[in-house]
Amino acid sequence: VPHSGSSMNRKKDKGFEICINNINFQRKSVIGYVELTIFPTVMNLNRIKLNSKQCRIYRVRVNDLEAPFIYNDPTLEVCHHESKQRNLNYFSSAYTAAVSAVDPDAGNGELSIKVPSELWKQGDEMKVMKVYIEFSLDQPKGGLHFVVPDVEGSMAERAAHVFSFGNQNSTRFWFPCVDSYSELCTWKLEFTVDASMVAVSCGDLVETVYTHDMRKKTFHYMLPIPTAAPNISLAVGPFEILVDPYMHEVTHFCLPQLLPLLKHTMSYLHEIFEFYEEILTCRYPYSCFKTVFVDEAYVQVSSYASMSIFSTNLLHSGMIIDQTPVTRHCLAQALAQQFFGCFISRMSWADEWVLKGISGYIYGLYLKKTFGVNEYRHWIKEELDTIVDYELKIGGVLLHPTFSGGKEKDNPTPHLHFSIRHPHTLSWEYYKMFQCKAHLVMRLIENRISMEFMLQVFNKLLSLASTASSQKYQSHMWSQMLVSTSGFLKSISNVSGKDIGPLIKQWVDQSGVVKFFGSFAFNRKRNVLELEIRQDYTSSGTQKYVGPIKVTVQELDGSFNHTLQIEENSLKHDIPCHSKSRRNKKKKIPLMNGEEVDMDLSAMDADSPLLWIRIDPDMSILRKVEFEQADFMWQYQLRFERDVVAQEEAISALEIFPTPASRLALTDILEQDQCFYKVRMQACFCLAKIANSMMSTWTGPPAMKSLFTRMFCCKSCPNIVKTNNFINFQSYFLQKTMPVAMALLRDVQNLCPKEVLNFMLDLIKYNDNRKNKFSDNYYRAELIDALTNSLTPAISINNEVRTVDNLNTDVRLILEEITRFLNMEKLLPSYRNTITVSCLRAIRMLQKNGHIPSDPSLFKSYAQYGHFVDVRIAALEAVIDYTRVDRSSSELQWLLELVHNDPVHYIRHEILSMLAKNPPFTKAADSLLCNEALVDQLWKLMNSGRMHTFNFSPRKFLWCLYGLNPSIYQSYLGQKPKQSPSLIGVAMAPLGLKRKAETPLSSSPEPGQVMQEEPSAKASVKSKVSNLL
Amino acid sequence: MADSVVMGSGSLNSGSRSGSSKTSTSPTENYQLARRRTLQVVVSSLLTECGFESAEKVAVETLTEMMQSYITEVGRCAKATCEHTARSTPTLSDVVVTLVEMGFNVDTLPVYAKRSQRMVITAPPVTNAPVIPKALMAGQKRTHPTYIPSHFPEFPDPHTYIKTPTFREPVSEYQVVREKAASQRRDVERALTRFMAKTGETQSLFKDDISAFPLISSKPSAIPYLSTLLPSELELQSLEETDSSEQDDQTDSENNPSNIIQDDQSADKENIVLPPGGVVPTGKANEENMIDNPYLRPVKKPKVRRKK
């Protein structure tokens, strides 16, 4: 590895010019050149290192002189072939080393260019150097994605397009550059494409010029705002163009025929623009903005300088309800990242949390403004629950890692099976959690310094950056456009004058969340509430919390906030109560929000004035609270506390109190149309659970049936549902959810009650959407989900083969509906094929419960390339489930084949992550699937760098299968060096596994069967098989 | 030309007449046949008079038809002429006027009538004048009110203006309607999908009985997002229907006269305000011309460098 002193490699980019003069869709190749202008900042610059992957480089010239170069990409083979060790720790450290070796922030790169000796003198005089690199790209596996539909016609008629994509800084996949977020330069971009195509890229489109033969045109872009290479993108295709009717400098692009959808979807964008510009008191930093909607996108949203690339599947017509908020969320996220992430970049990877935090935080403000406080608080709770669950399960998430000395031994996160040193070594899921935590921490900072100061800080960052960006000839000023943790914190203390050091130390410099257990007793003599708050700070993913905590106590006389101090050794806190218990006086009870309500107090404890207690109601600590209070207190909290978070907490707590009082409280909430609809939806499922627990004492019709009838059925004939009218979205969501929850009801025989099943079949039968303004595809899909939920395992005798004749009558009805729905979908496809997705899930459930023969072939046909992505995912999920239940090695092979070869990156990634979620076997249970060939295959997959943008997925899967230090393959590998590599598979495999390879089991083995077929089989094999069953 | 017109209208007339005498029973037919036969005799004798010895049946028939048409037309015109002068019974002068009108020289008629070779034709056999069968009595036949003279025609039969519903009461009960709509749709869907399944490739859930629950096989498409994202024609159609019905409702309320009278001014204001918000598409074409967006600018021609 040539490494001639990294200190010699200091340089500063100034301008960057990229020109792609040929894009061949047929061969999926790209030819072009780049020209960098470099200011050497050190004497004697003799080597220039750049990042480049998978590009073929033809020639390099420095100031018109041919320059020799060396290309070396260590991530292509992370662990050397002859290496002895195979465990994830070893891989992880090797991989981190490989990524570090080409890290642009450390002045490294895959491409090392030797500066011609003639120019060394010039280097002494610090003169500008121009580096010119000609390159081509053939069938790229990452960086650029070609979509070329296999139909007749020209490329434009076929809607062929290409776009850049990647995880973090992956621009090196499509052109040589300094692939770092902290290296800014100005850009000049040129793309020559077919005359029928449009090339959309960053910056201003200066002009479009035909080539001499008039068959192609060249798009010239200028980006005068200093921008990092990872924020550069490109999309080329026969796009339809829509100029935003409200903002003419904003242009939207979509694939042919989708223009009506684009018009509808984008009719809203200007409001998001206005919102952000208003709260940040800053204009959108770029002079134009472009949105491009592409097929086969790897992620829903990706933001680049002055443009965002979205998945085409976000487009929708005005008839679609469910997709609308999802798409708007995506637009808002993309726009937030334009300010923080694209315009303002980061100093180093350790500062990433600031960008993600701020963009996530202002996105949250947008949610609050547009969708309301309830939605916002619900979202915060959801995010908090997600991050808490992840950290408690997997381990802490560290926002601001510091690496002292750069040695891997000082790994700040030893609990993880990957290194968090580089964005590329991270797990995808970890990064999602990282973003989630980042915006939650921003919210904590807001709690401390107030929103006003918070927005002032953002404004300061933006105005400094925009001043710096206009300094064309003073590139040292450009560092103002990079945010760092210390700079951000300094800005906060300057603006607010407050010290948020402890907060940062707790949540940013340290990983983990807080786990509280709370309980209380009421001391009647002293009229004092004795609250005990314990912490678990020894388990993985937890940390100790010391500091203030807010407790809200609702008493008869009103609601009172108390701030307690959590200290090292104090567990108990005495809180004096304001009211004496008095039950007979009839008086309205004041709530937190000033409202006064009548309550039926007969349920509460006669001696206590306490109605309910909440710990940390504002979610100002990243915590999980397990609080014990009596069932009636949870019921009061559900009915009368106006905060949706409290209501949701009460609902989840009531699950373990199956009493008529809980039932009544939940039913009342369900009926209240002033209550937040998501709370009501959650209440449906809780009610179903309670009803099942109360099965023997339940009186009246099945839970929710009469309620549904009253709300959604005709007055004159209660068994017929009204014709659909979804104009009221709250009741639409409730109408969708209730049947799904009802289908979870079970009778004494643990079957779905006949009455409920018939009710659902009637809902399907009488569903009538003719008069509706909106599509009912999501509603119908959920009715199918309801049918799926109603399924219970078939009673089978002697494991008979499933035939049509012995089909249960109820199941026959269900199957008929599903068949009809699935067939109708072929004639009249629904939006996003929601109905096919639900049908596939239903069929898998029928198979799994033994009603119909288990068979993956149907799912495999739906999993093919060419079906809508949601359908493929649903089908693959079913195949993966089949693989696990039936332990089919051929299906597992088929899946891994897809991981290798599927054209859609998202699908390849999803297969592995679904396999990791639902692994075909685990470390604990021996499985016939578990053999060395599999390990070998996965190892190769992650070792080869084939996975490019999502190289983490195979590791995650392997980790789910074997854990960090996989003993199962260590047993093979321990002896490996003695064997020649080609023989390992056969020679080392234990007997049981070898047999399996010869006679693959096609169907699930029966214990008896095995005994008969293999009377001589070793006891270990038998126990293995019986373990599986 | 004139002949054919005469003929046409004549036959049409006779047709309508026979149509109007609704009940064409056998006596009427006899009566008409007898008249027709007489006419035929007349035609034949005229032919003989002209010196023909024999004629084909078709020829005679045609001439008879022409004769009948001619006479009918004379009658019709005479009637019309008389009614034009507010009388109800035609007189000789009416007939004369008609004949003149039809281009016939009336003066030649007496001479012709008194010609020597004239053949005398026996009067047609006395047949009973057709008995107009009694119309089905429906309701009370109305007499003239006092202010209408009695010589005016009588009222037509009551059945021509009395409503006599003959259909069954439609089922309007909500439950039944919904029930019917639901089962109808289900039947159509089932039949359609079964048909599609039978005529195309299928996939099956059961190995033993492939025909049970046939699933139309899934076919990958080259551009899967098109059919899944774009609303189907059916959905668009129903959307248009609901939209137009809504619009109808709006225009109805706007056209409501009381509204307009009550607040004329405010209605005017609304009309002024409406266009920018409501009618975006029409104004847009103009707008777009004004928009300066780099993607809308024309593509430049390449610079020709050869001249240098």
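Mentor: Let us begin with a cut-off: a residue is called exposed when its relative accessible area is over 50%, and buried when that area is under 20%. Please keep in mind that this is a predicted model.

Trainee: Why is B:Val100 called exposed?

Mentor: The relative accessibility of B:Val100 is 51%, and exposed means over 50%. B:Val100 therefore counts as exposed. Its place is in helix 4 of chain B, residues 92–101.

Trainee: What makes B:Leu92, B:Val96 and B:Val100 a nonpolar patch?

Mentor: Members of a patch must have over 30% relative accessible area and no salt bridge, and nonpolar side chains are joined within 5 Å. B:Leu92, B:Val96 and B:Val100 form such a patch on the surface, and together they have about 280 Å² of accessible area.

Trainee: How do you know that A:Ala159 is buried or exposed?

Mentor: A:Ala159 has a relative accessible area of 4%, and the limit for buried is under 20%. A:Ala159 is therefore buried. This residue lies in the loop between strand 9 (144–147) and strand 10 (161–164) of chain A.

Trainee: Which class does B:Phe213 fall into, buried or exposed, and why?

Mentor: B:Phe213 has 8% relative accessibility, so it counts as buried. The loop that holds B:Phe213 runs between strand 1 (202–203) and strand 2 (215–216) of chain B. Here too the residue is not glycine and phi is positive, near 45°.

Trainee: What share of chain B is buried?

Mentor: Of the 308 residues in chain B, 19% are buried. The chain has eleven helices and two strands, and its accessible surface comes to about 23700 Å², with 59% of this belonging to carbon and sulfur atoms.

Trainee: Why are helix 20 and helix 22 of chain A called roughly parallel?

Mentor: The axes of helix 20 (residues 834–848) and helix 22 (residues 869–886) of chain A cross at roughly 10° and come within 8 Å. Angles under 35 degrees count as roughly parallel. The two helices of chain A are therefore roughly parallel to each other.

Trainee: Which residues of helix 20 of chain A meet helix 22 of chain A?

Mentor: Helix 20 of chain A contributes A:Thr836, A:Val837, A:Leu840, A:Arg844 and A:Lys848. Their partners in helix 22 of chain A include A:Asp870, A:Ala874, A:Ala878, A:Tyr882 and A:Val885.

Definitions and conventions:
Residues are numbered from 1 along each chain as its sequence is written. Chains are lettered from A and ligands numbered from 1 in the order in which they are written. This is a predicted model: local features need pLDDT of at least 70, side-chain atom pairs count only at pLDDT 80 or more; totals for chains, interfaces and linings use all residues. Side-chain values use heavy atoms; hydrogens and water are left out. Patches are made of residues with over 30% relative accessible area and no salt bridge: like charges are joined within 9 Å, nonpolar side chains (Val, Leu, Ile, Met, Phe, Trp, Tyr) within 5 Å. Accessible areas come from the Shrake-Rupley method with a 1.4 Å probe; for residues, only the protein chains shown count as cover. A salt bridge is a side-chain nitrogen of Lys or Arg within 4 Å of a carboxyl oxygen of Asp or Glu. Helices (H or I, at least four residues) and strands (E, at least two) are DSSP runs, numbered from the N terminus. Buried means under 20% relative accessible area, exposed over 50%, partly exposed in between (1.4 Å probe, protein chains only). Axes are lines fitted to C-alpha atoms, for helices over the stretch in contact, and angles run from 0 to 180 degrees between N-to-C directions. Angles under 35 degrees count as roughly parallel, over 145 as roughly antiparallel, 65 to 115 as roughly perpendicular and the rest as oblique. Contact means heavy atoms within 4.5 Å.
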